[in-house]
Amino acid sequence: MSPSIPLQEMIRAIRSARTQCEERGVIQRECAAIRAQFRQTDSGARSHNLAKLLYVHMLGYPAHFGQMECVRMIASPRYSEKRVGYLGAMMLLDEKQDASLLITNSIKNDLSHSNQYVQSLALCTLACMGSAEMCRDLAPEIDRLLRASNSYIKKKAALCAVHIVRKVHDLGELFAPAARSLLVEKNHGVLHGAVVLITELCERSTETLERFRKIVPDLVQIMKGLVISGYSPEHDVAGISDPFLQVRILRLLRILGRNNETASDAMNDLLAQVATNTDSTKTVGNAVLYETVLTVLDIKSESGLRVLAVNILGRFLLNNDRNIRYIAMTSLQKIVCTDHNAVQRHRGTIVDCLKDQDASVKRRALELSLALVSASNIRTMMKELLLFLSSCPPELKAHAASGIFNAAERYAPSQRWHIDTILHVLTTAGGDVRDETVPNLIQLITNTSELHCYTVHKLYRALLTDISQQSLVQVACWCIGEYGDLLLKGECQETEAAQVTEDDALDALETVLQSHMSSPATRGFALTATMKLSTRITDNVDRIRSIVSIYGSCLDVELQQRAVEYNALFKKYDHMRAAVLERMPVIEKNSMGHINGESAGETVKEIQTATVKKAEPLLQQQPANQVCDLLDLLGGSEEPLQPSPLQGSTAPGLSINTTSTAGGDLLDLLGGLEPTPLAPVTVYEKDGVTLTLHCEKQSDSGLTVTLTASNSTDSDISGFTLQAAVPKSVQLHMKAPSGDSLPARGAAKVTQMVVLNNPNKVSLKMRIRVSYTRQGSAFQDTVQVDSFPAL
């Protein structure tokens with residue numbers, strides 16, 4: 001191949017290569033020829049060779065040997081070579097390359113060139129790959145060009161200033177006066193660059209934001225001119241006058257009006273005018289309307305304007321373009337908590353989106369539908385959600401089932417409706433529900449004593465129909481074991497009467513035990529239910545005994561252990577079988593999500609106090625020497641107690657010094673005077689998420705920290721994770737959390753235990769990162785703990 005072949009022929013030769021090896025051969029030969037010509041200082045084809053090298057770079061092959069050639073061509077006085085040199089610098093160089101520093105002086109000289117196109121090349125290159133050092137050196141030149149008379153140069157300089165502000169935040173103050181003066185320009189390109197520059201300045205500095213709030217009237221006038229202007233072929237796009245500039249102005253207005261009533265009032269009329277006058281039949285108009293809606297919802301706008309914005313999003317839901325429907329539902333989901341009634345008006349359209357073929361649209365429609373459920377529409381919405389659950393994609397079943405459970409628990413009109421809804425979900429998607437669904441449903445059934453007969457009959461029929469849904473089968477087995485006597489009576493007024501014999505009930509449970517679809521946990525439920533029926537029936541106890549004995553040699557250790565223990569009840573402890581297998585008591589569940597008072601310290605103290613009162617007479621009946629032995633075993637006391645001189649009789653009273661050490665502390669604890677535990681400390685509270693910290697000192701260097709998170713908002717939180725960091729000399733071990741989801745309104749909490757070992761006794765600090773997802777949006781925040789209560 002000749003070294004002087006044109007770029008087009010080289011491209012043609014590369015594309016005609018039949019194999020990758022042949023393509024590499026063509027490129028290697030051409031690169032060798034380009035290297036040879038680079039060494040010739042008087043070569044007249046420098047720009048030609050560099051252009052070919054840039055094409056090679058675009059194909060992914062190494063072209064770093066052309067970096068110095070770019071530097072030389074930038075310094076060339078010829079425009080054709082300078083143009084290719086700057087293009088090569090933007091592609092082959094970056095701020096990490098040392099060669100980039102060599103072009104700083106050339107860029108500075110070209111910024112003062114008399115030719116506007118040479119100045120433009122320098123501005124584009126600096127905006128593309130300028131490092132922080134280059135930006136500091138050339139920032140005064142850019143500020144000078146922002147005040148130039150040439151509009152072409154001013155718009156390029158404005159975009160270059162944006163890059164400089166992003167690289168060096170401190171230089172924002174330098175460009176603020178010039179940026180404000182650009183708003184009086186008539187050229188749309190200059191206006192666009194000025195708006196982008198002001199947006200960047202306001203996002204970087206709060207002081208600058210307050211200063212630029214004074215330009216809101218100017219921006220409103222510019223925007224009004226665009227909205228009411230006639231047809232302009234230079235700026236018209238599908239009937240909209242310069243939509244790119246309109247979108248940029250609306251974004252800047254959103255930043256300026258956020259949390260400021262004065263600025264928001266100044267733009268309310270404009271936003272209403274844009275929302276009513278913009279054509280929504282084409283994508284360009286929809287883009288402007290979407291930015292208008294975001295601005296209305298983000299500033300302190302009037303209530304009527306917010307309703308108008310929600311109605312625009314409702315029209316978006318009727319659009320044939322799935323992308324527009326998707327962004328409409330994403331926006332509605334963000335405001336459903338604040339403008340619930342306005343969003344409710346579009347409930348029918350949102351529910352219709354559940355039938356969309358696109359999976360992402362379905363997911364957004366499901367999340368929004370769940371957020372719209374309330375006490376007034378629970379029956380209607382649940383009917384639609386259950387219909388969707390029966391036909392939704394497998395990847396959405398778990399999310400849909402979880403949302404239905406939360407909505408039913410929060411807004412259930414009756415206990416029977418609540419139970420029916422959960423059973424419907426278990427029948428439809430029993431394999432996709434969370435693990436806590438089974439105990440939660442059992443707790444609900446236990447607490448509704450008037451529906452025990454109805455529930456056991458319904459679950460029995462469901463068990464006969466389908467035993468593939470493990471969660472449903474487990475609840476059914478539990479109910480048959482607990483309320484088998486009600487099932488056998490057949491006197492249920494809530495449902496159709498069906499006579500079930502003892503053999504029928506045992507056949508159903510034995511089918512579950514023998515089915516290959518049953519998991520070990522399900523077989524455990526069925527075996528326990530079979531054993532419980534031994535106290536509910538009279539004629540088939542021998543059959544139950546034989547069923548249980550079979551599983552005494554089961555390969556599953558858990559099932560084998562249950563069977564062996566149940567066999568022992570039949571043989572050695574038969575007199576206790578009825579008492580052991582009696583019906584479970586009502587499961588009380590407090591508001592904190594803990595069962596039977598296991599969580600709150602006050603409840604535990606009450607139990608301890610009651611236990612202590614019963615134990616006090618027993619303590620007085622113990623021989624005094626045994627008490628002394630107990631105290632001595634625990635380390636003794638400074639003042640040992642003397643045994644009572646009355647031998648063979650119990651001490652009538654026991655006087656104990658409460659100021660003693662271990663033994664006195666033990667008896668003081670039994671006397672109800674236990675030390676008050678350290679109260680949890682709230683270390684993080686933001687956006688409805690609260691994180692508390694409880695410490696317990698294990699040793700001189702060991703500390704156990706328990707982190708507890710709760711959610712007080714009206715929307716569920718998923719993907720909740722905690723990450724912790726401590727000084728290098730401290731050893732940290734994070735145990736598995738109790739879960740990764742926080743239901744709304746504090747229905748449940750997530751706890752995570754962190755074990756710290758501080759052998760060097762350094763000052764202990766911990767930085768905690770909180771991450772979670774709410775309504776499809778990801779949140780992340782960091783908090784630092786500088787003091788620990790246990791220390």
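**Exercises on a predicted model**

The accessible surface of the protein comes to about 39,900 Å², and 50% of it belongs to carbon and sulfur atoms (Shrake-Rupley method, 1.4 Å probe). This is a predicted model, in which local features need pLDDT of at least 70 and side-chain atom pairs count only at pLDDT 80 or more, while totals for chains, interfaces and linings use all residues. Residues are numbered from 1 along each chain as its sequence is written, and side-chain values use heavy atoms, with hydrogens and water left out.

**Exercise 1.** Work out which residues of helix α29 are buried, and on which side of the helix they lie.

*Solution.* Begin with the helix, a DSSP run of H or I with at least four residues: α29 covers residues 502–514, and its 13 residues reach 18 Å from first C-alpha to last, close to the 18 Å expected at 1.5 Å a residue. Next, look for buried residues (under 20% relative accessible area, 1.4 Å probe, protein chains only), which in α29 are E502, A505, L506, A508, L509, V512 and L513. These residues lie on the same side of α29 because they cover an arc of only 155° around the axis, taken from the directions from the helix axis to the C-beta atoms.

**Exercise 2.** Find the elements against which the buried residues of α29 pack.

Note on methods
Helices (H or I, at least four residues) and strands (E, at least two) are DSSP runs, numbered from the N terminus. The expected span of a helix is 1.5 Å times one less than its number of residues. Buried means under 20% relative accessible area, exposed over 50%, partly exposed in between (1.4 Å probe, protein chains only). Contact means heavy atoms within 4.5 Å.
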